[in-house]
Amino acid sequence: MIIGGGVRATGGSPLRWTKGAVKLLLLAFLLAIAPKAGAQPGKPLEKVRLTVPAKSLTFVPYYFGKAQGIFAREGVDLEIIVMRPPLGVTALLAGELDYSAAGGLSVRAALKGAPLRTITFIQTRLSFSLIGQPGMAAARIKNVSVSGIGSLAHYAAQAMMKRLGNEKVAYVSTNTTANSYTALLGKATDAVILTPPYTSMATLAGYADLGNTYDLRDLQGGLVARLSSIHEQRERVKAVIRATLRSMEAIVKNDNEVVAYLQKDFGLEPRIAADTSKIIKQLVNADGDLEEPVLKSIIDKLRAESGIAAEIPSERLVDMSLLREVRAESKKRTP
């Protein structure tokens with residue numbers, strides 16, 4: 001039997017098929033095109049737009065989770081948009097964005113009545129370190145460079161200098177942490193406040209590590225949503241929370257993957273990436289929650305800074321119900 005009436009092998013003779021061979025070929029073809037047992041047709045990913053103040057390691061759970069496919073596995077097509085916090089909060093309120101990672105500013109907006117709620121805290125320990133010129137002693141510091149006067153970096157610098165017993169210093173704004181690092185390298189300052197990866201870049205190069213603020217609690221990074229989204233799209237919001245938690249868990253547990261990611265996406269040298277990964281693991285708030293007394297003290301500080309005298313209940317600023325639902329569901333699925 002000759003299939004097709006004239007198909008020949010490369011040697012020129014007719015290509016002959018037995019009935020058994022034809023049956024096997026047809027069976028293989030049918031198996032190849034048939035859907036696998038139990039497979040579900042893939043749902044299209046849902047586009048989610050998140051604004052961050054900067055592409056910094058404070059927000060690495062979002063960047064790492066996106067790169068590792070963690071958000072995609074939860075049905076989320078995450079788009080991360082870098083935007084100055086005031087603009088980001090305005091865009092979120094207008095419905096142009098779905099979430100903001102600017103925890104502190106969002107809580108300040110909620111204090112003034114904006115319908116926003118923080119639904120997950122990804123970092124509640126300040127990631128600042130005080131780094132001095134090589135051989136610098138705390139008593140000799142006369143000036144400290146910070147990214148901005150009145151910023152969390154400035155607050156951290158003041159806290160560190162108080163701990164070190166030298167509060168008679170001048171604080172100089174450099175506008176960015178990168179500029180502060182440059183001022184350190186150029187010997188234009190006695191000491192600077194840095195965050196990862198600049199902390200590792202400086203200390204591994206021999207600059208003096210004068211201490212850090214990892215024990216100080218504040219809202220350095222979070223996940224903020226509109227109140228309407230929380231009420232009307234609970235399952236969609238929970239998917240984003242779930243992916244965020246799984247990304248933070250992966251960061252804590254998978255050193256090699258995190259170090260490789262930092263080298264690839266943030267362009268860090270292997271030694272700096274490894275040291276930076278160790279710092280991130282100390283800072284990431286893997287359970288996403290915040291103790292009520294700590295939250296109250298932070299709210300009181302923000303109220304004072306905003307000139308608000310009246311007590312404001314935490315439920316007007318945060319909503320941990322979805323986070324706790326996600327964590328409870330995760331425990332049920334874990335054998």
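View 1. Val-144 has Ala-191 of S8 as its bridge partner. The model is predicted: local features need pLDDT of at least 70 and side-chain atom pairs count only at pLDDT 80 or more, while totals for chains, interfaces and linings use all residues. Residues are numbered from 1 along each chain as its sequence is written, and side-chain values use heavy atoms, with hydrogens and water left out. S6 (residues 143–146) runs parallel to S8, joined by two bridges; strands (E, at least two residues) and helices (H or I, at least four) are DSSP runs numbered from the N terminus, and two strands pair if DSSP finds at least two bridges between them. S5 (residues 129–132) pairs with S8 in the antiparallel sense over four bridges, and Ser-129 has Leu-194 as its partner.

**View 2. Side chains of strand S8.** From S8 (residues 191–194), Ala-191 and Ile-193 point one way and Val-192 and Leu-194 the other, all of them buried (under 20% relative accessible area; exposed is over 50%, partly exposed in between; 1.4 Å probe, protein chains only).

**View 3. Gln-220 in strand S10.** Gln-220 lies in S10 (residues 217–226) and counts as buried because its relative accessibility is 12%. Beyond its neighbours within four places in sequence, the contacts of Gln-220 include Thr-58, Phe-59, Arg-125 and Leu-152 (contact: heavy atoms within 4.5 Å).

**View 4. The largest nonpolar core.** This core has 58 residues, of which Tyr-62, Tyr-99, Ile-241 and Leu-262 touch the most other members (a core is a set of buried Ala, Val, Leu, Ile, Met, Phe, Trp, Tyr and Cys residues joined through side-chain atoms within 4.5 Å). Helix H10 (residues 234–253) gives the most to this core, nine residues.
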